[in-house]
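Dear colleague,

I am handing over the structure we discussed, and below it you will find my notes on what was found. Please read them with the model open beside you.

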Amino acid sequence: MPYDKACEPSGGAAADDNNFEILLLHDSNITPVLQFCNSRICLCALYCSGNFRMNGFRLALASAMFCLTCISALADATWSLKKTDVAAYESLLKPEQKPDSRDPLPDGALAASNDGGDIEEAWYERPTSRYQHGILGDAIEASVLAVRLQNGETEKLELPNTEVFEDRTPRIHDLDGDGSAEVVTIRSSVHRGASVSVYGLREGRLVQIAATKFIGRPNRWLNVAGIEDYVGNGGFQIAYVQTPHIGGVLKLVELREGKLKNRAEAGGFSNHFIGSRKMGLSASGDFNQDGRLDLALPDADRKALRIVTLAGDVWANVAAFQLPARIDKDMLVDTGPDGQSVVIGLENGEYYRLKYAK
């Protein structure tokens, strides 16, 4: 279900109550959003995935139709967005591991493989100040990617002096399903901005395998949002937000035939704010329990939480929730016997848990 920005209302369901629920109903043409506060039903927003058309004119749907649709589906399912506390949030945090390196990136962390491929660990080395962008809190970036192999040996790749890794932690995945691991990085040109760049072993050497085009001008960045099977074909695809600070575009690429090929994109997202070292303002999971992987991330100004999923080659809107303050902390997933929930932290010090219940 594609998200139609033109149909987005100016208001929304405000998350300023300690205990409220939002019911999101899907229809082939409309998705009404209802807010339940103190047992009162209020039509507070309308998201359109399509429009009825007749003889070239759009037909407006009457309020009565909305009410009938909503009331008939009250027993279907609800999204619950409730306040939680910092202890619940911190209980889900996983501590960063520092690499065993003589010259590591100061704020870098160690990536460990869960796929059992030929690359077990990856990290960044050899700090440099040759790119004065400073998007991650300082102008110190890495110039070397290092990996540790299953046999204990270390391989390294050094970038030319016009490029840096504008990143904190590499990501290890077998993107093409060939049994060998790839390392996903954010590589930036001092002249042309950032690129998603993938590295792997070829004849025992660490080399670049594929990359997206640089954005096209300096001081333009991107941030990886997730590496999961969003398509549902058993592989891994890379979701990332290009220019998350200036009208971010959510893109999905997959490694095919030695190239990163674009699968889907949609505007109006963010997953970072300038100067922050937190790069995890997104989370993946089957949040609405429909058997398809979803992606949770902020909207462009970080004052709304959006849930999207891939429908064919389109990012489809699943749900959207207005918040009382901007998201400024890593999103965390809590998996329990009754499904997965997303826990978020806001810049006003509040924490919320988003959960779906059938």
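Two strands are taken to pair if DSSP finds at least two bridges between them, and helices (H or I, at least four residues) and strands (E, at least two) are DSSP runs, numbered from the N terminus. By that rule β16 (residues 222-228) runs antiparallel to β17 (residues 237-242), with six bridges joining them, and E228 stands opposite Q237 in β17. Six of the seven residues of β16 are buried, where buried means under 20% relative accessible area, exposed over 50% and partly exposed in between (1.4 Å probe, protein chains only).

This is a predicted model, in which local features need pLDDT of at least 70 and side-chain atom pairs count only at pLDDT 80 or more, while totals for chains, interfaces and linings use all residues. Residues are numbered from 1 along each chain as its sequence is written, and side-chain values use heavy atoms, with hydrogens and water left out.

The mean pLDDT of the chain (the predictor's confidence in each residue, from 0 to 100) is 83, and 78% of the residues reach 70 or more, although pLDDT stays under 50 over residues 1-76.

D299 lies in the loop between β21 (294-298) and β22 (304-311) and counts as buried, at 13% relative accessibility. Its side chain reaches the backbone nitrogen of K303 at 3.2 Å.

L323, in the loop between β23 (314-322) and β24 (332-336), is likewise buried, with a relative accessible area of 6%, and its C-alpha atom is separated by 5.4 Å from that of A304, 19 residues apart along the chain.

With best regards

Conventions
Contact means heavy atoms within 4.5 Å. A polar contact is a pair of N or O atoms within 3.5 Å; within protein, one must be able to donate a hydrogen and the other to accept it, and residues adjacent in sequence count only if both atoms are side-chain atoms.
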